[in-house]
Amino acid sequence: QSERLRMPKGSEATYFSAINSLTILLMIPLMVWYVYPHLTTKKIKITPLTLMGVGILLSTLSVLAAEVVEVCRRQLVHSGDLIHQKLGNRTLRAANLSVAVQAPQFVLSGVSEVLTLTVGYYFAYTEAPPGYEGTIMGAYLLMWGLGSGLNLLLIEIVNAVCVRVSDSACFPLELNDGHVEWFFTSLAVLLMATFGIFWYLQRHYVYRSEGTAQAQEEYPLAESKSKYGATSHTESPHV
């Protein structure tokens, strides 16, 4: 998508996706050293699963932001408001719209990762039975890997639907002729369905470890800065 937007001369699409990683690097210390202690001071009751639910919602907003950009971008291209942009040895038709419009989706994606993947590390470690912390955290990461695989499957399914309905793929070689917004719509629907199931389950979850058993009375993450920081390494998927 970045390559089909107006980019500064000499830049690459990967430069802008780095906003996601930068957001994560900034958010982790901000959350650990300011937000969590501030919530504890204000006696605001919250649990790790609640934070993860908020992260899923922010991820949904990130996908919807990407969809809005894609719809606007394609409308500009089809209306003739475009430029011919040279990237390396390629010349692409790009919408006359600054690539900066992608910033919100990358920022939302970064924040959502901090509230899901990173908090998930903490939750998996503190809730695991004694001696099984590594196994549980490994299973947790396995689920993220399977999610990436399912994402590829979803792309193929949406592509097949696009071909049947409009005789063109969602992700053709020439992106301007595709329907990438259909993929974003499907992803947003699945995320909202996931959020509904997750929210129901987290309301009935009973914390088992001492560190989180008092989660309804005390905010636990602020009291475990060193442990939280030690499990905050994450990789950032692209939007």
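**Figure 1. Three salt bridges are counted in this predicted model**. A salt bridge here is a side-chain nitrogen of Lys or Arg within 4 Å of a carboxyl oxygen of Asp or Glu. Side chains of opposite charge can pair when their charged atoms come close. Residues are numbered from 1 along each chain as its sequence is written, and side-chain values use heavy atoms, with hydrogens and water left out. Because the model is predicted, local features need pLDDT of at least 70 and side-chain atom pairs count only at pLDDT 80 or more, while totals for chains, interfaces and linings use all residues.

**Figure 2. Glu 3 pairs with Arg 4**. The closest N and O atoms of this salt bridge are 3.6 Å apart. Are the two partners buried or partly exposed? Glu 3 is partly exposed, at 21% relative accessibility. Arg 4 is buried, at 8%. The cut-offs are these: buried is under 20% relative accessible area, exposed is over 50%, and partly exposed lies in between (1.4 Å probe, protein chains only).

**Figure 3. Glu 70 meets Arg 73 within helix H2**. Their salt bridge spans 2.8 Å, N to O. Helix H2 covers residues 48-78. Glu 70 is buried, with 0% relative accessibility. Arg 73 is buried too, also at 0%.

**Figure 4. Arg 74 reaches Glu 181 in another helix**. In this salt bridge, the closest N and O atoms are 3.1 Å apart. Arg 74 belongs to H2, while Glu 181 belongs to helix H5 (residues 180-203). The pair therefore ties together parts that lie 107 residues apart in sequence. Arg 74 counts as buried at 12% relative accessibility. Glu 181 is buried as well, with a relative accessible area of 10%.

**Figure 5. Helix H5 has a set of buried residues**. H5 holds 24 residues. From first C-alpha to last, H5 reaches 35 Å, close to the expected 34 Å. That expected span is 1.5 Å times one less than the number of residues. Which residues of H5 are buried? Among them are Val 180, Phe 183, Phe 184, Leu 191, Phe 195 and Phe 198. What covers the buried residues of H5? The cover includes H2 and helix H4 (133-166).

**Figure 6. Asn 20 is a buried residue in helix H1**. H1 runs over residues 13-41. Asn 20 has a relative accessible area of 2%. Its side chain joins that of Glu 113 in a polar contact of 3.1 Å. A polar contact is a pair of N or O atoms within 3.5 Å; within protein, one must be able to donate a hydrogen and the other to accept it, and residues adjacent in sequence count only if both atoms are side-chain atoms. Leu 108 is 88 residues from Asn 20 along the chain, yet their C-alpha atoms are separated by 8.2 Å.

**Figure 7. The whole protein has seven helices and three strands**. These are DSSP runs numbered from the N terminus: helices are H or I with at least four residues, strands are E with at least two. Along the sequence, the pattern is β-α-α-β-β-α-α-α-α-α. Of the 239 residues, 41% are buried. A contact means heavy atoms within 4.5 Å. Among contacts between residues at least 6 apart in sequence, 76% join residues at least 24 apart.
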